[in-house]
Amino acid sequence: MPLTAQERTALKYLPKRIQRSTDGALEGVVHDVRKLYHWVDNSTDVDANMALLPIFYAHLNPAVIPDQPLPTDDVQKVVILAKLSLMSIVQTCASVRGVLSESLADKMITDALVRRWDTLFPWLQFMYRHFLPFPPRRVPEGFDISDVEIVSITTRALSQMAISVAGQHLIQSNMSIQQFIAKLWLYIGKLKDEDLLRHDASFRHDGREGVNDEMTGHVRRITVGIITACMPVALPAPFAVPTLHNLLDAMGGYEPFVASALRYIRWFGRKIGDMNNRTTPNYGFVTAMLGFVDALSILIRFLSLVSIMDATCQEELILHRAPSDVVTALLQTWPVLTGVRVNSSTETSTEKRCTMILEDTFDYIDVILRQSEACIPALCQVLDAGFIQLVLQAGFRCPQMASGVLKLIPRFLMYHKVLHHFQRVMDQTANNMARFGPHAKKDDEVQQTWILVQQAARQILNVCRKTSPLPFYEQKCANLQCPYDNNRRPHYRCCGCFVARYCSRGCQRTDWKSRHRTACPVLHSAGGFDGSKLIRGSLPLIMLVETFNYSLYADRIQEAMEQARKDYPEDIERLVLETDLSAYPVTFSARPVQQYVDIFDPRFDPDMLKELRGLPGKHLLMALKLRAGREECIVLSPRVGLTLAFQWPAAREEEAVLSAVQEALVSRLAVGPGNVIKRGDGFKVVEYRQPPINQPI
């Protein structure tokens, strides 16, 4: 590609010692091209650097790209000239940032990179394909090229593209570039620190051999910015789905993408945490640390975006313990962020990063708890990783978001798995807060929310201590007339309700004829129309929580029923009381049974349950609204199904619930002479002076 007359004229205004190298560089002399690269690398004269660009473009003709890096003089010369030219162009684009205004720098990068991308991109692909093997090893003999140089060229070129407006548009609209970025993301994510060990000290700017810590962190940080530039965040999430799927296809599916993303998160969390053990921080130390924090924050934000866009990707992230890794990385990062003090400017920057990364973390956890089918395993992961300690330690930075996430926890406490993990967290909280020491600060809003959440959990645990809420039906034969004492899990399970289990086909036939024919559709309706395993495994605990709320909020139930009678005067005798356990605090409503026809099992006949009213008042059935996945589900009260199928609960469970209600009232409401405890129809009902509705128990 010969130079134009205008381009040759511009070369005449360069310094004389540079002009002496331009003629040889145009003729393909490697020594002269290397001289020009060193000039660009050390020069601050933007105009002179830009004038040299046509020389570098002349050595990047895609037509001369060899099929293989053969050890011949001609091939070696062409490849080395291309490497030096790419390095010079990238360095020229990097040098304009901070020297020129933002708009002018953007224009020059667009001219130098974006509009020449058809020339540069084939060479970048060639360099990646032949000089970035995995695992890293020496390049073919005769080529003065290292894997670090190729990593630097490709990442710097793409990062300059990513910060240019025209470059962002090209990245987001070009599938080939996106696939190239995806492969580069995987390659760098797999690298270990020792993989960048320099066998030749000349490849290092400082002339030393060894692991280049600055290089490994810098490359990963740049790569994070590049991969996120592929996603058009300014557009609604559905418009970015094709881009995400293109990245996934290039990486080989969901699992490689998820594993690589979590590898980046763990690396940044570990490196930031290790900085806490280093010597007194200086400005360079703080700059590097803040760069890692920015990259970690961008990664967490990226996880939130892909979780919203693709449900499968969201589930894969949870399956690979992404929530746990995110919280662990934050706990590693926080002591370093709060302990760095150099000057007022760095302290202000650190505080901004603290707030930013916390907001991104709380937003990701909020997304997975509200929109994921695996929200319960995700909650257990973050609880085990120390999320409560993180909230109590750092929630003062963004108290509204911290309190909002805490308020999501009570809606899952009626599941055995969550309750078990949360109980362990409450036992460990005091010790962990003492370990945090001076880094922990209290916020009134966060502390008050935490107190309310603990009270909700303790009320449920108080019920559990007085009775066994375990799924007894999974450990014994459902046939009450079974002559055997089965101490092992029954093998046969009813395929209609997925709840009742039997030790033999004979017991199953006997129980079907005696009672299960009626109980089966009721149990199926109680377990959710989709048959959630988590709901089926926690039916006794859900029933105890339901009964506890009926006893504790008797007056609110009465208000809901009175309102329903006004709204549905023709269906007074066919009202269903619905308790919303997916909300915090618990709410109550009532509506006609006809509205539940498509929700419960089609075999379910509401008329057969008229005699099983659980509460005084004119309502026919009781229903619950639960959250065990992405969507809320409405189920029939487990009390009805367990009573029909197993004659449970017994008097012992009823007394346990009443005792727990009494303790809750005494401890929180200071029961006085005006409060009366009396029995209702079906189970105990407590009357007391109710606090305002916006003050939950």
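1. In this note, buried means under 20% relative accessible area, exposed means over 50%, and partly exposed lies in between, computed with a 1.4 Å probe on protein chains only. By that scale Phe498 is partly exposed, because its relative accessible area is 31%. Phe498 sits in the loop that links strand 1 (492-493) to strand 2 (501-502), and its phi is near 60°, a positive value in a residue other than glycine. Helices (H or I, at least four residues) and strands (E, at least two) are DSSP runs, numbered from the N terminus.

2. The model is predicted: local features need pLDDT of at least 70, side-chain atom pairs count only at pLDDT 80 or more, and totals for chains, interfaces and linings use all residues. Residues are numbered from 1 along each chain as its sequence is written, and side-chain values use heavy atoms, with hydrogens and water left out.

3. Two further backbone features concern loops. Arg321, in the loop between helix 15 (311-319) and helix 16 (322-339), has a positive phi near 65°, again in a residue other than glycine. Arg321 counts as partly exposed because its relative accessibility is 41%. The peptide bond from Tyr584 to Pro585 is cis, with omega near 0°; Pro585 belongs to the loop between strand 3 (575-580) and strand 4 (587-592).

4. Gly339 is part of helix 16. With a relative accessible area of 47%, Gly339 is partly exposed. Its C-alpha atom is separated by 9.7 Å from that of Thr350, 11 residues apart along the chain.

5. The crossing is left-handed, a term used if the near helix is turned anticlockwise from the far one by less than a right angle.

6. Contact means heavy atoms within 4.5 Å. On the helix 25 side, Leu539, Pro540, Ile542, Met543, Glu546 and Thr547 meet Pro638, Arg639 and Leu642 of helix 27. The residues of this contact divide into 6 nonpolar, 1 polar and 2 charged. Here Ala, Val, Leu, Ile, Met, Phe, Trp, Tyr, Cys and Pro count as nonpolar, Asp, Glu, Lys and Arg as charged, and the others, Gly among them, as polar.

7. Helix 27 is mostly covered, with 7 of its 9 residues buried; Arg639 and Phe646 are among them. Gln647, which follows helix 27, has a positive phi near 55°.

8. A nonpolar core is a set of buried Ala, Val, Leu, Ile, Met, Phe, Trp, Tyr and Cys residues joined through side-chain atoms within 4.5 Å. The largest has 215 residues, of which Leu52, Trp185, Ile388, Tyr415, Phe422 and Phe646 touch the most other members. Helix 14 (residues 283-309) supplies the largest share of this core, 15 residues. A second, separate core of 11 residues includes Val576, Phe604, Ile634 and Leu636.

9. Asn479 lies in the loop between helix 22 (444-466) and strand 1 and counts as buried, because its relative accessibility is 6%. Apart from neighbours within four places in sequence, Asn479 is in contact with Tyr502, Cys507, Thr510 and Asp511.
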